[in-house]
Amino acid sequence: MCAIPFALQACGGGGSTGPAPKPARLSNPDATATQLQALNAPFLTDVFLNFGALHQHFGPAGSAPVAARSPMAVAAFSPAVAPGLMRTEAATRVWQSALATRPVADAIFRDTVRGKTFVWDTTAAGYVTSTAAGAPANGVRFVLYTTQPPLSEPSRPLTAMGYADLTDQSTASAAVLGVTVLGGTGPTPVTYVNYTVARSAAPEREWAVIGFVTDGATLLDLTSAVSSTSTLLTVQTTVDDATDGTHVNETGTLSRTWEISADFSLTSGADTVRATGSVALDTTGHTWGSGSVAVTVNGRAFATITVAPAGPSYSGASGVQLTPADEAALANLFIAWNSLFGAVTVLTDAAWVLRL
């Protein structure tokens, strides 16, 4: 016989250690979905997408020819696969151009092209110099045109929709490329993207990206550290959205075996949503391969995103019954998980094309 009541469990009488913890949940899934959608929006403007499609042709302004085309060509992917997937084409060039960087002492632009505006020539299927005025004295200007994703050349007939100014802001200790992307062709174009890409004189292949991206409603302050080896591209990014007070951290990698891995977290108020996992890319079928992403809310298991060629699906953690609002938030979370990594590679790729 047990002498005292609290010994009942030890004596085999059962009992309880207290109420089971409540399942993890999003305190406001609609707000989370909206915040994640706002995070994605600046990378989905026509200006950003056209810049992303055309910047790979900026090589003629540099001191070396544009890098060879990636084996994972943009044109092979359907735009319906997922936002950001096509952008990994930019990341793949890290092994074709970023690994062949020049000394910091070299000027980014040749004397013969500084101050020039480049326009698209349909016969040459590339950018050529023009007599147009307005290019920065310490750099070059590329006119941007509408494109038809997933193609990476201007649509016909050519329709100008903005321009990108690239400037040499290098110092004695670092090569620094300034990039400003503006939309509109009138007297007051709107700045959608403004940032610098810096590479120090250290032998390591590392770049620092600092600036902002906006869609006119949401402005994202972004800082990234990008590094590469012969087998792995690593991108560490922080983003602050002053519009709604969200803060994002992500560390993402792309391997030579075409696997994307990322640890993404969004903090807003008292909630932190974190997504960690990896997904393989099917470079034969040009779709997602397979993989999974684990999602936690304030450190507690919430859901799993399972990825297959047909796209992602969602399942709740033990005890979690996902609502339609939860699934909408998870869908936007997966887009952001992949899209932010891809977007930073687009920003950095402008420097890689110029062999910075």
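Which residues does Leu-182 touch, not counting residues up to four places away in sequence? In this predicted model, Leu-182 touches Val-47, Met-161, Gly-162, Tyr-163, Pro-189, Val-190 and Thr-191. Leu-182 itself lies in strand β5, which covers residues 174–183. Its relative accessibility is 9%, and because buried means under 20%, Leu-182 counts as buried. Sequence and space can be set side by side here: Ala-164 is 18 residues from Leu-182 in sequence, while their C-alpha atoms are 6.3 Å apart.

Helix α2 consists of residues 46–54. Seven of the nine residues of α2 are buried, so the helix is largely enclosed by the rest of the structure.

Helix α2 also packs against helix α4, residues 324–353. Two packed helices are described by the angle between their axes and by the distance between those axes. For α2 and α4, the angle is about 55 degrees and the axes are 10 Å apart. The two helices are therefore oblique to each other, and their crossing is left-handed.

Which residues meet where α2 and α4 are in contact? From α2 come Phe-48, Phe-51 and Gly-52, and from α4 come Ala-343, Val-346, Leu-347 and Ala-350. Six of the residues in this contact are nonpolar, one is polar and none is charged.

Terms used:
Residues numbered from 1 in each chain as written. Predicted model: local features only at pLDDT ≥ 70, side-chain atom pairs only at ≥ 80, totals over all residues. Heavy atoms only, no water. Helix = DSSP H or I, 4+ residues; strand = E, 2+ residues; numbered from the N terminus. Buried < 20%, exposed > 50% of the residue type's maximum accessible area, 1.4 Å probe, protein only. Contact = heavy atoms within 4.5 Å. Axes fitted to C-alpha atoms, helices over the stretch in contact; angles between N-to-C directions. Parallel < 35°, antiparallel > 145°, perpendicular 65-115°, else oblique. Left-handed = near helix turned anticlockwise from the far one by under 90°. Nonpolar A, V, L, I, M, F, W, Y, C, P; charged D, E, K, R; others polar.
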